Amino acid sequence: QALSWVVLPIIKSYLELGHFSTTQRLCAAVSQNVKLYIAMVLVSGTLLVAVLIREGIGSFGDIVKIGKAASNAAGLFLLMGLLGYGLVELPRRFFFWANLEKYKIWHEYAAANLWEASDSTQIDR
């Protein structure tokens with residue numbers, strides 16, 4: 001869990017940032033992710049408090065039930081969003097990227113098409 005919620009987003013931000021030194025990139029990546037997590041905690045905490053006030057729930061077991069229901073709802077929304085496209089296409093794309101030989105052939109094909117397109121746009125002298 002720590003890898004998927006802390007380490008991987010920081011590494012992703014680190015690779016996408018354009019700072020020149022390693023320490024600047026790492027500090028900016030950590031700062032960016034801390035801001036995101038603070039916003040997520042504030043929004044989810046506000047929603048939890050609103051539900052607790054509206055429903056008049058006082059025990060910890062009821063809070064756990066609300067958390068489970070919210071988790072299931074989020075999973076179902078994610079499933080509905082990815083059902084038509086993502087569940088088939090995303091793994092296919094990952095398998096394609098994992099096969100370096102096919103990936104190299106595809107890039108050679110794309111480069112040849114770009115070369116022909118640029119060659120046909122040049123003006124004859």
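How many positive and negative side chains does the protein have, and how far apart do the centres of the two sets lie?

1. The protein has 11 positive and 9 negative side chains, with the centres of the two sets 11 Å apart. Lys and Arg count as positive, Asp and Glu as negative, while His and the chain ends are not counted; each charge is placed at NZ of Lys, CZ of Arg, CG of Asp or CD of Glu.

2. This is a predicted model, in which local features need pLDDT of at least 70 and side-chain atom pairs count only at pLDDT 80 or more, whereas totals for chains, interfaces and linings use all residues. Residues are numbered from 1 along each chain as its sequence is written, and side-chain values use heavy atoms, with hydrogens and water left out.

3. The protein has five helices and zero strands (DSSP runs numbered from the N terminus: helices are H or I, at least four residues; strands are E, at least two).

4. Of the 125 residues, 6% count as buried (under 20% relative accessible area; exposed is over 50%, partly exposed in between; 1.4 Å probe, protein chains only).

5. The structure holds three salt bridges (a side-chain nitrogen of Lys or Arg within 4 Å of a carboxyl oxygen of Asp or Glu). One of them joins Glu16 to Lys12, with the closest N and O atoms 3.1 Å apart; Glu16 is exposed at 57% relative accessibility.

6. In helix α5 (residues 100-120), Glu101 and Lys104 lie three residues apart and form a salt bridge at 3.8 Å, N to O. Lys104 also meets Glu108 in a salt bridge at 3.9 Å.
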